[in-house]
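Hi there,

Here is the structure I promised to pass on. Have a look through it first, and then read on for what turned up.

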Amino acid sequence: MKNKIEILSPAGGFDSVIAAVHSGADAVYIGSKSFSARASAHNFDDDELRECVRYCHQRGVKVHLALNTLIFDDEMPRALNLVKTAAKADIDALIIQDLGLVSLIKNIVPELPLHASTQLTVHTPYGARALYEMGFERVVVSRELSLAEIKTIHEFCPEVELEVFVHGALCMCVSGQCYFSAMLGGRSANRGMCAQPCRLPMRFGDNDHALSLKDNGSLHFLRELQEMGVASAKIEGRMKRPEYVGAATLAAREARDLGFVTEATGERLQAVFSRTGFTDGYLSGNLGESMFGYRQKSDVVSADSKLLKEIRTYYKDEYRHIPLDMSFFAHTGEKMRLIVSDGEHTVSVESEKTVEKAVNLPLSAERAAQSLSKTGGTPYLIDEINCDISSDAAVSAAALNALRREALAQLDTAREICHHYMINEIDLSAVLSGGECTHTKSYAVTQNLNIPDSMREMDIVFVDLFGMSDTDKLNEYTKKGFQIGVEVPRATFSNEAEIFVRLKELRENGISHLMAHNIAAVYMGIELGFTVHAGFGMNIANSYTLKWAKDYGITDAILSIELDEKRINALYKCIPVGIIRYGYVPLMLTRNHPAGHNDCKNDEILQDRKGEKFIVRRREGYSEIYNCIPLLMPQKDYIFNNKVFSLFLFSVENSVDNKEKIMLKLSKNLDFERKTHGLYLRGVKKLTIF
């Protein structure tokens, strides 16, 4: 029989922890006051973290700490201190986005389980395998996957646990690939500060909220996920109220244990929070317009005080689910003794006084069992009580109750510590050593083989995999002296196997350079013998991730577009690093086209409430939404002192003539009518309070 799927509940504060635990969660995930992808939640300071773990472990519930943001160099010491604090608190797992942090954690707390955050954009079999081989025990897969795709990942890499979102908010953008909030307002989704511009009015066709998805409502798939081997069913909502957490957790427990959500529970769940209902579009594979919705007045007023009070009554009491065996001994002239076991921990307590002879009514086994089984107000329930009592023993109910309370208190203490992590000290400054790398190369990325002659000066021109199917044209450019590389699509949802075959053919035909935007593409590239270059989608934001990249076999890297010039110049560059010097930056990578119009063939326009227009392009199985103005760092404003190389990103420029004109302007350092320096000069807002 397969193990029961874990119900994993969100907790932005201690009230939500109680709501989740009392409603039947098997585990909760929380954030700290720093390095949390939900920086606006209450989150937990060090003392609250320790208390949360203690409370949950006593009740058989695991605690996962989300340390799932990109980390800058100057923040790494604080991040590692948080890791140590979490290990000392006996946390059960860390949820990580920043790959530079992984090897450091493995050196400091080698036994601490690591879970790969959904921010790592893992949505394919090779991505899961790559992270498993890096030391991750669990992968939180992208929300956009179907049941069939999740099953394929599990069958390809059954060694790694999979965690799947089954309820809660859905971002329009694939997690880890959204730069909308950062580019427009400096609030980075990769740093826990997303301003949720996708929830604002955005017009596409006749839809005025074209980027706002309904909440995920896929609890009815719990048993199917369990059958296919998924380890954990995750509920989104660390920024939501405790009543939501309690209602969602109870609904998940019913879906798993009963096979359905009762009507009353389902009604409470929708009333406490929804966006005009729920959708199961991703897991069911039914994408389209029906997945879209936004929070309206009727949704808000449904969560009134009467409903919230009603929900609180359902989780006000302890969820009693931990079975105990008791053995009780009461012999005349000896001290009473009670042995209690939960199957893993056993405690034994004795009374201070000896048992006296009964004058009138001796203690019976039935009366002893009745007193000892009063475990209300605790998570324990009695499975079996064995009594060994002298026929003339006299014991009061008060003495029995005191003995039971002492035994359960000791059992609580025994259950608090589940791990005994060894914590090492490392010299962080010694991790980065050796010489730095610089080069003055220039790369270009283009969507097709319409390449102007002026790009011949580029060291490599990377062409999108699906734009280089014309072998004759490819050979023509090679003969002209172009160094052509392949860019792996930033998303490869259900076509990774096909992409692997096409990459293998290209490698056999002499294409040797590959640009990768996620760990799956890096893994495939290295396996096929390409020289691998990390694209901006890898979100490399610190020196330690660059060190990881070098050790992993990556040749050079386009840095995170959320780094400013001061941080870029301060990096320890163990491999060459580059920035986007020119290009329309893709602000979102989405599986569902805006407003669900997935049959779109041509570029279309998304318009925000200020009238700005963003080009939307449908790709192979996903869409990209590009910034309304190009990022431009002309040479006269170029402040990186030749310590970085340049990437010219051609995405929405279709014709050779258009690209030629842009290259000419760039070569002459001519200005553009509209442009942005992106975040290279202004940076992103501070992560949170330290």
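Let me start with a glycine: α19 is followed by Gly529, whose phi is positive, near 85 degrees. Some housekeeping before the rest: this is a predicted model, in which local features need pLDDT of at least 70 and side-chain atom pairs count only at pLDDT 80 or more, while totals for chains, interfaces and linings use all residues. Residues are numbered from 1 along each chain as its sequence is written, and side-chain values use heavy atoms, with hydrogens and water left out. Helices (H or I, at least four residues) and strands (E, at least two) are DSSP runs, numbered from the N terminus.

**The helix before that glycine**

Helix α19 covers residues 519-527, and seven of its nine residues are buried, so the helix is largely enclosed by the rest of the structure. Here buried means under 20% relative accessible area, exposed means over 50%, and partly exposed lies in between (1.4 Å probe, protein chains only). The buried residues are Ile519, Ala520, Ala521, Val522, Tyr523, Met524 and Gly525. They pack against α5 (125-134), α18 (496-508), β21 (513-516), β22 (531-534), α20 (543-552) and β23 (554-558), where contact means heavy atoms within 4.5 Å. At the start of α19, the backbone nitrogen of Ala520 has a side-chain oxygen of Asn518 within 3.2 Å. For reference, a polar contact is a pair of N or O atoms within 3.5 Å; within protein, one must be able to donate a hydrogen and the other to accept it, and residues adjacent in sequence count only if both atoms are side-chain atoms.

**A buried strand and its neighbours**

Strand β3 (residues 62-67) has five of its six residues buried, so this strand too is largely enclosed by the rest of the structure. Strand β2 (residues 27-31) runs parallel to β3, joined by five bridges, and Gly31 stands opposite Ala66 in β3. Two strands pair if DSSP finds at least two bridges between them. Strand β4 (residues 93-96) also pairs with β3 in the parallel sense, over four bridges, with Leu94 of β4 as the bridge partner of Leu65. From β3 the chain crosses through helix α3 (residues 76-88) to β4, a β-α-β crossover that is right-handed: with the strands pointing away from the viewer, the path from the first strand over the helix to the second runs clockwise.

Strand β12 (residues 322-330) and β16 run parallel and are joined by nine bridges, with Asp325 opposite Glu384 in β16.

**Salt bridges**

How many salt bridges are there? The count comes to 32, taking a side-chain nitrogen of Lys or Arg within 4 Å of a carboxyl oxygen of Asp or Glu.

- Arg138 and Glu163 meet at 2.7 Å, N to O. The pair links strand β6 (residues 138-140) to strand β7 (residues 161-168), 25 residues apart. Arg138 is buried at 5% relative accessibility, and Glu163 is buried at 1%.
- Arg268 and Glu310 meet at 3.5 Å, N to O. They sit 42 residues apart, in helix α10 (residues 263-272) and helix α13 (residues 305-314). Arg268 is buried at 8%, whereas Glu310 is partly exposed at 32%.
- Asp551 and Lys547 meet at 2.9 Å, N to O. Being four residues apart in helix α20, they are separated by about one helical turn. Asp551 is exposed at 54%, and Lys547 is partly exposed at 23%.
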